[in-house]
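Here is a short report for a reader new to this structure. Please look over the sequence and the model first.

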Amino acid sequence: MKKLSLRTRVLTGAVAVAALGAGTFGAMSANASTPAAAPAAAVKADAANDNLQQTTHLTVSAATKAARATLDAAEKENQRVSVAVVDRNGNTVVTLRGDGAGPQSYDAAQKKAFTAVSWNAPTSELAKRLTDAPTLKDIPGTLFLAGGAPVQVGGAPIAGIGVAGAPSGDLDEKFAQAGVASLAR
């Protein structure tokens, strides 16, 4: 067999690599253009077959109405507070910082609202539970001080209203309850 020159060997190798690469690319292209298999069976999702659960949520309009009623109740008593309304999942829907409310009140109001909806109870009641379960206060995002009230429909929590900034938690909670009451009107 005749020995091939270096140039011929390099050219032959390059052609082989190009052919191999083209074959691989073609196979990959063919696979990419093949349509995906259809799912074996589609699941019909409706409330009748227990695949869905219907829940009640407070609208932005209702949350704003409750926050405004809460702030109005505080202003009538010359209190400077912040108000937060959260949804069932603890996500803030509306927050109002009243004129002159302290900088800490904004965050505290959100945490009180979150705590009230999470346990479906006024935060003044929850604060009493700390005696038996002091580690509750270690749960992130919570604040076990009076001033939070749950909003319920049929006994289930759908939102929480938190108030902070008044000289006492009792006043904060009184104002939060005014916001809850406004939703019944």
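Predicted model: local features only at pLDDT ≥ 70, side-chain atom pairs only at ≥ 80, totals over all residues.

Residues are numbered from 1 along each chain as its sequence is written, and side-chain values use heavy atoms, with hydrogens and water left out.

**The whole protein**

The protein has five helices and four strands. Helices (H or I, at least four residues) and strands (E, at least two) are DSSP runs, numbered from the N terminus. Along the sequence the pattern reads α-α-β-β-α-α-β-β-α.

Of the 185 residues in the protein, 34% are buried. Buried means under 20% relative accessible area, exposed over 50%, and partly exposed in between (1.4 Å probe, protein chains only). The accessible surface comes to about 11500 Å². Carbon and sulfur atoms hold 58% of that surface. These areas come from the Shrake-Rupley method with a 1.4 Å probe; for residues, only the protein chains shown count as cover.

Contact means heavy atoms within 4.5 Å. Take the contacts between residues at least 6 apart in sequence: 61% of them join residues at least 24 apart.

**The sheet**

The four strands form an open sheet in the order E2-E1-E4-E3, with antiparallel pairing. Strand E2 (92-97) and E3 are the edge strands, and each pairs on one side only. From one strand to the next, the twist averages 15°. Two strands pair if DSSP finds at least two bridges between them.

Strand E4 has pairings with E1 and with E3. Six bridges join E1 (residues 82-87) to E4. Here Val85 stands opposite Ile161. Six bridges also join E3 (residues 148-153) to E4. Val153 has Ala156 as its bridge partner in E4. The hairpin of E3 and E4 has two residues between the strands, and Gly154 takes a positive phi near 60° there.

How enclosed is strand E4 (residues 156-164) by the rest of the structure? Eight of its nine residues are buried, so E4 is largely enclosed.

**Helices on the sheet**

Helix H2 (residues 60-76) lies across E1, E2 and E4. Helix H2 runs at about 25° to E2. Helix H5 (residues 169-182) packs on the sheet and touches E3 and E4. The direction of H5 makes about 135° with that of E4. Axes are lines fitted to C-alpha atoms, for helices over the stretch in contact, and angles run from 0 to 180 degrees between N-to-C directions.

**Two residues**

Gly148 belongs to strand E3, and Asp170 to helix H5. Are they buried or exposed? Gly148 counts as buried because its relative accessibility is 0%. Asp170, at 61% relative accessibility, counts as exposed.

Leaving out residues up to four places away in sequence, Gly148 touches several others, including Lys112, Ala116, Pro122, Ile161 and Glu173.
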